[in-house]
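Hi there,

Here is the structure I promised to pass on to you. Have a look at it first, and then read on for my notes.

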Amino acid sequence: MEVREEPAGLLQAPPDVNARNCPSRVILEHVTSRWGVLVLAALIDGTLRFSELRRTVGGVSEKMLAQTLQTLERDGFVHREAHPVIPPRVEYSLTPLGKEAADQVWALARWSEDRTGQVIAARRTYDEARA
């Protein structure tokens, strides 16, 4: 196992998503949360304002959208640009890192859409076998 030296002189093992305290788990949680996936996917095609994102991501509350955007911005996936106009205009777009993440989760989202019928049939079979 490779060991890296961090700037503070501390030795740290490389990221391992299966390790209990690995920071990659938190990143994975952020990009694969229901709202994280949908926000990243919505921004794949370009910049959107908050209200446009809220309309695009059906069912998300204003509070959850704001929290999700803030988390994704903090992680470096989303760029927030506030324009100094009245009324205020804020736009959101993907960073290069965000585009990479969005491409990955969008593929999974599309796969989920494509396999919905099979999953519903499997659930029905499972439930009938247990009834």
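Predicted model: local features only at pLDDT ≥ 70, side-chain atom pairs only at ≥ 80, totals over all residues.

Which elements cover the buried residues of H2? The cover includes H1, strand S3 (48-49), helix H3 (50-56), H4, S5 and H5.

Residues are numbered from 1 along each chain as its sequence is written, and side-chain values use heavy atoms, with hydrogens and water left out.

**The chain as a whole**

The chain has six helices and five strands. Helices (H or I, at least four residues) and strands (E, at least two) are DSSP runs, numbered from the N terminus. Starting at the N terminus, the order of elements is β-β-α-α-β-α-α-β-β-α-α. The radius of gyration is 19 Å, well over the 14 Å that the globule rule gives for 131 residues, so the chain is more spread out than a compact globule. That radius is taken over C-alpha atoms, and the globule rule is 2.2 Å times the number of residues to the power 0.38. Along the principal axes, the C-alpha atoms fill a box of roughly 55 × 50 × 25 Å.

Of the 131 residues in the chain, 25% are buried. Buried means under 20% relative accessible area, exposed means over 50%, and partly exposed lies in between (1.4 Å probe, protein chains only).

Seven of the nine residues in H2 are buried, namely Trp-35, Gly-36, Val-37, Val-39, Leu-40, Ala-41 and Ala-42.

Two packed helices are described by the angle between their axes and the distance between the axes. For helix H1 (residues 23-32) and helix H2 (residues 34-42), the angle is about 65 degrees and the axes are 5 Å apart. Here the axes are lines fitted to C-alpha atoms, for helices over the stretch in contact, and angles run from 0 to 180 degrees between N-to-C directions. On the H1 side, His-30, Val-31 and Thr-32 meet Arg-34, Gly-36, Val-37 and Leu-40 of H2. Contact means heavy atoms within 4.5 Å.

Ser-24 sits in helix H1 and counts as buried, at 18% relative accessibility. Leaving out residues up to four places away in sequence, Ser-24 touches Pro-15, Asp-16 and Val-17. Val-26 is also in helix H1, but Val-26 is partly exposed, with a relative accessible area of 43%. The C-alpha atoms of Val-26 and Asp-75 are separated by 9.9 Å, with the two residues 49 apart along the chain.

**The largest nonpolar core**

A nonpolar core is a set of buried Ala, Val, Leu, Ile, Met, Phe, Trp, Tyr and Cys residues joined through side-chain atoms within 4.5 Å. The largest one has 23 residues, and Leu-40, Leu-43, Leu-53 and Val-78 touch the most other members. H2, helix H4 (62-74), strand S5 (89-94) and helix H5 (96-114) each give two or more residues to this core. H2 gives the most, with five residues.

Setting aside neighbours within four places in sequence, Leu-43 is in contact with Leu-48, Leu-53, Val-78, Tyr-92, Ser-93 and Leu-94. Ser-93 belongs to strand S5 and is buried, at 17% relative accessibility. Beyond four places in sequence, Ser-93 touches Leu-43, Thr-47, Phe-77, Val-78 and His-79.

**A cis peptide bond**

Most residues other than glycine have a negative phi, and most peptide bonds are trans. The bond from Ile-86 to Pro-87 is cis, with omega near -5 degrees. Pro-87 lies in the loop between strand S4 (78-83) and S5.

Enjoy exploring it!

Best wishes
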